[in-house]
Amino acid sequence: PFNFLFAWLLSQVFDTHNVLDDYAGGLACLLEARGGPGDDSCRGAWRAALVFAVPGALYTLSEFQVLQQASATVYFLLAALQLPLQDALFA
């Protein structure tokens with residue numbers, strides 16, 4: 001929800017509506033509001049959403065568990081250690 005809120009705020013401040021169009025386009029792909037049988041632009045939209053949703057949910061659960069069982073310092077160290085790994089994976 002904060003990503004959407006921040007994107008909306010940026011679109012209001014800098015008058016860039018393409019940020020919100022990206023969210024609307026992705027939602028339209030998921031709901032199949034656009035694109036017919038011959039349109040390949042939305043093919044696999046649900047698969048892509050689920051591929052990112054499962055690790056995201058696991059990350060959120062583990063984040064909560066670290067804060068409950070350890071401390072904010074441990075959480076900060078784990079977050080700092082994962083940044084090089086994320087950079088390597090997404091490069």
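Predicted model: local features only at pLDDT ≥ 70, side-chain atom pairs only at ≥ 80, totals over all residues.
Reader: Ok. And what percentage of the residues count as buried?
Author: 10% of the 91 residues in the chain.

Reader: Which residues form the nonpolar patch on the surface?
Author: That would be L5, F6, W8, L9, V13 and F14, which together have about 660 Å² of accessible area.

Reader: Where does W8 sit?
Author: W8 belongs to helix 1, which covers residues 2–14.

Reader: Why does W8 count as partly exposed rather than buried or exposed?
Author: Because its relative accessible area is 41%, and partly exposed is the range between the 20% limit for buried and the 50% limit for exposed.

Reader: Switching topic: how many helices and strands are there?
Author: 4 helices and 0 strands. Reading from the N terminus, the order is α-α-α-α.

Reader: How do helix 3 and helix 4 pack?
Author: Helix 3 is residues 45–69 and helix 4 is residues 72–90; their angle is about 145° and their axes lie 8 Å apart.

Reader: Which residues meet there?
Author: Helix 3 brings Y59, E63, V66 and L67, while helix 4 brings A72, V74, Y75, L78 and Q82. Sorted by class, that contact of helix 3 with helix 4 has 7 nonpolar residues, 1 polar and 1 charged.

Reader: Let's zoom in on V66. What does V66 touch, leaving out residues up to four places away in sequence?
Author: S71, V74, Y75 and L78. V66 itself is in helix 3.

Reader: Is W46 buried, exposed or partly exposed, and why?
Author: Partly exposed, because its relative accessibility is 47%, which is under the 50% limit that exposed residues have to pass.

Note on methods:
Residues numbered from 1 in each chain as written. Heavy atoms only, no water. Patch = residues over 30% accessible without salt bridge, like charges linked within 9 Å, V, L, I, M, F, W, Y side chains within 5 Å. Areas by Shrake-Rupley, 256 points an atom, 1.4 Å probe, with all protein chains shown as cover. Salt bridge = Lys/Arg side-chain N within 4 Å of Asp/Glu carboxyl O. Helix = DSSP H or I, 4+ residues; strand = E, 2+ residues; numbered from the N terminus. Buried < 20%, exposed > 50% of the residue type's maximum accessible area, 1.4 Å probe, protein only. Axes fitted to C-alpha atoms, helices over the stretch in contact; angles between N-to-C directions. Contact = heavy atoms within 4.5 Å. Nonpolar A, V, L, I, M, F, W, Y, C, P; charged D, E, K, R; others polar.
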